[in-house]
Amino acid sequence: MVGFTPMGKRVGLYKVITVRFYSRIAPPPPAYAQPVIRVTNNVAHLGSAKEGPKARQLLSLPPFPGLPLPGKDVLGDPGRLTAISWVKYYFNDMSVENIESHFKKGLVYVECQSSSDSFEIKGLGKLVRKIKPHDAMEAGARIHVPVSIAESRISKRFDTIPSGTLYPNADEIDYLQRLVKYKDASLIVLNKPPKLPVQGNMPVHNSMDALAAAALSYDYDEGPKLVHRLDRESSGLILLGRTEESVSHLQWLFSNLNKAKSRCKAWNDACEATYQRYWALVIGSPKEKEGLIRAPLSKVLLDDGKTERIILAGGSAFEPSQEALTEYRVLGPMINGCSWLELRPLTSWKHQLRVHCAEALGTPIVGDYKYGWFVHKRWRQMPRVDIEPTSGKPYKLRRPDGIDVQKGSVMSKVPLLHLHCRELVLPNIAKFMNILDRRSENRHQPTTSEPSDLLRFVGAMPNHMKISWNLMSSYLV
């Protein structure tokens, strides 16, 4: 293309040719895909579009040979065998619950001819339909089941290590015994540190229940058993029963079921006096300084099909929910956007305190990234030196010399969860055990509650919460 000036002269011919020369060897512009926001370890980033679901890997059983099967006695109709009986016969070393769960989920298929309920599974290339557990098997019928039904044998390796095969070394035993705050003939009270899992599951092995059962048996033949649980990230007092009778009474005591009254008035009074108190550092401050949170909870399953999350129930009659009650009290003024709360749960549900603080009060607990991640992103963490608003002078922080403030406290870039079970009051099970186990109604029973009927324990906060308490309380001086 040639351009002209207002005077009519031809210009720009060489430049245009040069541009066309380079345009021939330039690569075509890249085709940009629509960016997708992904969240990994609570960090959002842009990524490519996610691939579609992969085809389910199926395991094909041999054609049904017909009856009689070797070593199989058929009850009822001798000429009929159900589909679930055939799968159990083929997987004779699998648990019955595992096989039944695959049938309940509709993951067992049988090859069939073209029909209204038949379909083709990607990668199989044959028409199949879902088969019910009590459908009769026909000779030559071929069943397909997911590979996961056979992989259950492999997953047994990752089950919790039994206490009989777990042998802690001397250092581990000494560490666990230092956590013991109280021990009698019926129970043991521990002050659990953060990041120690309470109950072991796949692939957790060094959990509190397994280690305590192996290292805290003392003079008993069997180790203690957990009565109630704390989250992995939280800390505080945790209770273990030493005998079957004490475990049964303590589990009943901490259950959410309606408690029946006993004939012993002292025991009833002690049960009514039972409570737990937690201390938590939250972002923000509730509008009311104290009150009762009555917010039912519901459990949902995320899109990945594995992760569970507790939310506030929507109040629908079709949505299963659990009544949850929590008393709270603000311990002081809001400092640097945070405030200390005292929480007393009246019911015991999973993540109850964390959900009530984050969603019911709107003040998530510091370090709770599961239920308060969006608030943490906007939260400005505590500075090392702040200015007192009235005098304009820096605060004098009561910080011990040499203390490391970057260990999960409010000054850390990634603070740990600030939730601690500080106080526990419960009946003296060892004293009431003989009374509760008596069969005769004519025996003498105490009618008044004595101070020794109750046990009270106070657990020290972990180091990261001590640092936060020391820094935050210095503002109150």
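## Helix packing

A crossing is called left-handed if the near helix is turned anticlockwise from the far one by less than a right angle, and right-handed if clockwise. In this predicted model, local features need pLDDT of at least 70 and side-chain atom pairs count only at pLDDT 80 or more, while totals for chains, interfaces and linings use all residues. Residues are numbered from 1 along each chain as its sequence is written, and side-chain values use heavy atoms, with hydrogens and water left out.

H2 passes H3 in a right-handed crossing. Contact (heavy atoms within 4.5 Å) involves Ala-83, Ile-84, Val-87 and Lys-88 on H2, and Val-96, Ile-99, Glu-100 and Phe-103 on H3. Of these residues, six are nonpolar, none polar and two charged; Ala, Val, Leu, Ile, Met, Phe, Trp, Tyr, Cys and Pro count as nonpolar, Asp, Glu, Lys and Arg as charged, and the others, Gly among them, as polar.

The axes of H2 (residues 83-90) and H3 (residues 96-104) lie 11 Å apart, at an angle of about 140°. Axes are lines fitted to C-alpha atoms, for helices over the stretch in contact, and angles run from 0 to 180 degrees between N-to-C directions. H2 and H3 are therefore oblique to each other; under 35 degrees counts as roughly parallel, over 145 as roughly antiparallel, 65 to 115 as roughly perpendicular and the rest as oblique.

## Backbone features

Helices (H or I, at least four residues) and strands (E, at least two) are DSSP runs, numbered from the N terminus. In the loop between strand E5 (58-60) and H2 is Pro-68, and the peptide bond from Leu-67 to Pro-68 is cis, with omega near 0°.

Lys-195, a residue other than glycine, has a positive phi near 70°. Lys-195 is exposed, at 55% relative accessible area (buried is under 20%, exposed over 50%, partly exposed in between; 1.4 Å probe, protein chains only).
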